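Have the model open while you read.

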Amino acid sequence: MAYLHIGQNVMLEEKRIIGIFDLDNTSTSKKTREFLNAAEEEGVVQTACEDIPKSFVVCDHPYHRQIIYISQLNSQTLLKRAEGKGE
């Protein structure tokens, strides 16, 4: 199994990742804000950052519809790590 380290000792199974999104770009979208607000109300948002959040990762989950992880790593860094080209 391949895992992606997204911060604060959080490792995600790559096959569970639905998408990696940049918070700066997507926070201007009304639909994205509504999506994140609804996920937070449902209690499915987890933090994986100790600093300013830069991205979020949407994952499927066997017991929930999905889990959203907030990361201090930017989306480009996470995508490179997922491709095996990052740190």
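Start with serine 55: its side chain reaches the backbone oxygen of leucine 73 at 2.6 Å. That's in a predicted model, by the way. Serine 55 belongs to strand E5. Is serine 55 buried or exposed? It counts as buried because its relative accessible area is 0%, and the cut-off for buried is under 20%.

So who's around it? Setting aside neighbours within four places in sequence, serine 55 is in contact with Phe21, Asp22, Leu23, Tyr69, Ile70, Ser71, Leu73, Asn74, Ser75 and Leu78.

Now zoom out to the sheet. It's an open one made of four strands, ordered E3-E5-E6-E4, with mixed pairing. Strand E3 (17-22) and strand E4 (45-48) are the edges, each pairing on one side only. On average, neighbouring strands are turned by 20° against each other, ignoring direction.

Strand E5 (residues 55-59) runs antiparallel to strand E6 (residues 67-71), and five bridges join them.

| Helix | Strands touched | Angle between directions |
|---|---|---|
| H2 (residues 30-42) | E4, E5 and E6 | about 65° with E5 |
| H3 (residues 75-82) | E3, E5 and E6 | about 145° with E3 |

Key:
Residues numbered from 1 in each chain as written. Predicted model: local features only at pLDDT ≥ 70, side-chain atom pairs only at ≥ 80, totals over all residues. Heavy atoms only, no water. Pairing = 2+ DSSP bridges. Helix = DSSP H or I, 4+ residues; strand = E, 2+ residues; numbered from the N terminus. Axes fitted to C-alpha atoms, helices over the stretch in contact; angles between N-to-C directions. Contact = heavy atoms within 4.5 Å. Buried < 20%, exposed > 50% of the residue type's maximum accessible area, 1.4 Å probe, protein only. Polar contact = N/O pair within 3.5 Å; in protein donor to acceptor, adjacent residues only side chain to side chain.
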